[in-house]
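Trainee: Before we start, I would like to go through the labels used for this model and ask what stands behind each of them.

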Amino acid sequence: MALIKKFLKFLPFGIIIVLVFIFITNVVIYTTSRYSIYEKVVDVPKAQTGLILGAAVFSNGKLSPIFKNRVDKAIELYNAKKISKILV
């Protein structure tokens, strides 16, 4: 019983530490990657190859919405002559 009381006493501190860690991690990721995120295709710098990271393909051969979006964006970059190859 004393062990449970001790655990419950420190539980809020543990939760706060985890939440602060998650917040700080998100801030670091956002601040270091915001310069590599582009809203418009014309803003993307030219590169030799575009890499499409994997996602689900359903058993009927249909792409998952996330994967379809990635493929569509790669095709858009290819058509805009921003990349000359697409690597899946």
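Mentor: Start with Gly54, which lies in the loop between β1 and α2. Helices (H or I, at least four residues) and strands (E, at least two) are DSSP runs, numbered from the N terminus. This is a predicted model, in which local features need pLDDT of at least 70 and side-chain atom pairs count only at pLDDT 80 or more, while totals for chains, interfaces and linings use all residues. Residues are numbered from 1 along each chain as its sequence is written, and side-chain values use heavy atoms, with hydrogens and water left out.

Trainee: Why is Gly54 called exposed?

Mentor: Buried means under 20% relative accessible area, exposed over 50%, and partly exposed in between (1.4 Å probe, protein chains only). Gly54 has a relative accessible area of 63%, so Gly54 is exposed.

Trainee: Which residues is Gly54 in contact with, leaving aside its neighbours within four places in sequence?

Mentor: They are Phe67 and Arg70, where contact means heavy atoms within 4.5 Å.

Trainee: What makes Phe10 and Phe13 an aromatic pair, and why is the pair called tilted?

Mentor: Rings of Phe, Tyr and Trp (its six-membered ring) pair if their centres lie within 6.5 Å; planes under 30 degrees apart count as stacked, over 60 as edge-to-face and the rest as tilted. A search of the whole structure finds one aromatic pair. Phe10 and Phe13 form that pair, at 6.4 Å centre to centre and with 50° between the planes, so the pair is tilted. Both residues lie in helix α1 (residues 2-33), three residues apart, about one turn of the helix.

Trainee: How do the labels for the accessibility of Phe10 and Phe13 come about?

Mentor: Phe10 is at 47% relative accessibility, so Phe10 counts as partly exposed. Phe13 has a relative accessible area of 51% and is therefore exposed.

Trainee: What is the phi of Lys81?

Mentor: Phi of Lys81 is near 65°, a positive value in a residue other than glycine. Most residues other than glycine have a negative phi. Lys81 lies in the loop between α2 and β2 (83-87), and counts as exposed because its relative accessibility is 61%.

Trainee: How does the radius of gyration of the protein compare with that of a compact globule of 88 residues?

Mentor: The globule would be near 12 Å, but the protein has 22 Å. The radius is taken over C-alpha atoms, and the globule rule is 2.2 Å times the number of residues to the power 0.38. Along its principal axes the C-alpha trace spans about 65 × 35 × 15 Å. Buried residues make up 12% of the 88 residues.
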